[in-house]
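Dear colleague,

Please find below the structure that I am handing over to you. My notes on it follow directly after.

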Amino acid sequence: MSYTNAPQIFLEDQTAFLVQMIQSLVSSIRSDSGVGSIIAELASIAAVVEKVMQATETSMDGTSDAAAQLRQEAEGIVRKLEACRERVLDAGERGAELAREQAPEAEWKVWTQGLPPVAFEIARETKELVRVVDGLDEEEEDFA
């Protein structure tokens, strides 16, 4: 088994899970499921992004050539994921604040319309991370 194979499988699984969660979030927004459901989905998405980031950072630690190459190619993606994760967490806090304030419909609409773009950015970045890890795995196999 190659150096990146286990993280690659984990990342692929987590990416598929994130895509399902994002689809659920979009469905909840469209069906007006309520702020509690949406906030819970945002928290779940943030938690999975955290796992992905931690797994990637763990794989980037070390002095091997594979770790160094992963660090070089994935560090920017991890930073983007961290920024997205923060935006998701902030959005959850904002939703809770709107609920406490019993905000007017227009504010809810602005809030909910801002959620899918962040979620889709997370999906794109995690897919890019899988692509990078997959590319490193293929390079490693070429030298074996």
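Arg-94 pairs with Glu-97 in a salt bridge (a side-chain nitrogen of Lys or Arg within 4 Å of a carboxyl oxygen of Asp or Glu), with the closest N and O atoms 2.4 Å apart. Both residues lie in helix H3, three residues apart, about one turn of the helix; helices here are DSSP runs (H or I, at least four residues), numbered from the N terminus. Arg-94 is partly exposed at 31% relative accessibility, and Glu-97 is likewise partly exposed at 31%, where buried means under 20% relative accessible area, exposed over 50%, and partly exposed in between (1.4 Å probe, protein chains only).

Please note that this is a predicted model, in which local features need pLDDT of at least 70 and side-chain atom pairs count only at pLDDT 80 or more, while totals for chains, interfaces and linings use all residues. Residues are numbered from 1 along each chain as its sequence is written, and side-chain values use heavy atoms, with hydrogens and water left out.

The count of salt bridges comes to seven. Another of them joins Arg-85 to Glu-82, with the closest N and O atoms 3.9 Å apart; these two residues are also in helix H3, three residues apart. Arg-85 is buried at 16% relative accessibility, whereas Glu-82 is partly exposed at 29%. Both belong to a network of salt bridges that links Glu-50, Glu-82, Arg-85 and Glu-86. In helix H4, Glu-128 and Arg-131 are three residues apart, and their side chains meet in a salt bridge at 2.5 Å, N to O.

Glu-125, also placed in helix H4, is buried yet has no salt bridge; the nearest side chain of opposite charge, Lys-80, is 4.1 Å away (Lys and Arg count as positive and Asp and Glu as negative; His and the chain ends are not counted). Leaving aside neighbours within four places in sequence, Glu-125 is in contact (heavy atoms within 4.5 Å) with Ile-77, Lys-80 and Leu-81.

Beyond its neighbours within four places in sequence, Ile-45 touches Leu-18, Met-21, Ile-22, Leu-25 and Ile-122.

Yours sincerely
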